[in-house]
Amino acid sequence: MKELAQLLNEMLAAGVIENYALFGAVAQMRYTEPVATIDADLLIAVPSQKGLDVLNGVYKFCSKKGFQPEGEAIKVGAWPVQFMPAFSPLTQEAMERAETADFEGVPLRVVRADYLAVIALSVGRSKDLTRILALIESGSIKREEIRKLAGRFGLAEAWKKFEKKFSDE
């Protein structure tokens with residue numbers, strides 16, 4: 001993960017990306033017990049580009065550094081990494097409000113627990129709902145914080161369904 005943090009900071013310095021934040025299962029490990037995952041997911045903001053391939057600059061930069069694509073990801077050290085432009089107002093704000101963690105002396109931006117929970121709620125798969133429970137049980141986030149943030153992003157009904165389903169948890 002240190003190698004990924006170094007790469008991301010180089011990409012920022014070179015202007016290849018304007019912002020980034022680790023999210024998904026790898027980010028969740030900052031707040032909970034380790035979870036099974038096969039890749040690291042990154043939200044990114046890229047400078048305005050012409051054409052449809054918004055990740056072209058990312059792939060070129062990584063290739064010059066010796067990191068090659070593997071399917072939908074780029075292999076960075078031991079991790080396949082999926083670079084995803086922030087795809088909604090929720091993910092944009094999550095990236096902007098990410099916290100900077102220290103990973104072996106290298107800064108690494110990580111989405112906060114409240115945003116991780118609401119992003120998981122927006123996706124709604126069983127494994128995402130399990131992630132929300134893990135974040136709550138770890139004490140990283142309170143249900144009321146999720147409720148408020150979910151409401152701001154039009155997910156109040158999804159949160160009510162979650163609460164009904166997991167009210168005994």
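**Exercise 1.** Find which helix gives the most to the lining of the largest pocket, and describe that lining.

*Solution.* Start with the contributor: α6 gives the most to the lining of the largest pocket, with six residues. This is a predicted model, in which local features need pLDDT of at least 70 and side-chain atom pairs count only at pLDDT 80 or more, while totals for chains, interfaces and linings use all residues. Residues are numbered from 1 along each chain as its sequence is written, and side-chain values use heavy atoms, with hydrogens and water left out.

Next, look at the elements: α2 (24-28), α5 (113-123) and α6 (126-137) each supply at least two lining residues. (Helices are DSSP runs of H or I with at least four residues, strands runs of E with at least two, numbered from the N terminus.)

Then take the residues. The lining has 22 of them, and Gly24, Ala25, Arg125, Asp128 and Arg131 lie nearest the pocket centre. By class, the lining of the largest pocket divides into 12 nonpolar, four polar and six charged.

Finally, the volume is about 420 Å³. (A pocket is an open set of points on a 1 Å grid where a 1.4 Å probe fits, with protein on both sides within 12 Å along at least five of seven lines; lining residues have an atom within 4 Å of a point.)

**Exercise 2.** Now try the second largest pocket: which element gives the most to its lining?

*Solution.* The residues that line this pocket include Met1, Leu22, Phe103 and Val110. Two or more residues come from each of α2, β6 (99-103) and β7 (106-110). Strand β6 gives the most, with three residues. The classes are nine nonpolar, no polar and two charged, and the space is about 160 Å³.

**Exercise 3.** Work out how α7 and α8 pack.

*Solution.* Helix α7 (residues 143-152) meets helix α8 (residues 156-165) at an angle of about 150 degrees, with the axes 8 Å apart. That angle makes α7 roughly antiparallel to α8 (the term covers angles over 145 degrees). In contact (heavy atoms within 4.5 Å) are residues including Ile146 and Ala150 of α7 with Trp159 and Phe162 of α8. The contact residues divide into five nonpolar, one polar and three charged.

Key: Axes are lines fitted to C-alpha atoms, for helices over the stretch in contact, and angles run from 0 to 180 degrees between N-to-C directions. Angles under 35 degrees count as roughly parallel, over 145 as roughly antiparallel, 65 to 115 as roughly perpendicular and the rest as oblique. Ala, Val, Leu, Ile, Met, Phe, Trp, Tyr, Cys and Pro count as nonpolar, Asp, Glu, Lys and Arg as charged, and the others, Gly among them, as polar. Grid points are joined across faces, edges and corners, and a volume is the space filled by probe spheres set on the points.
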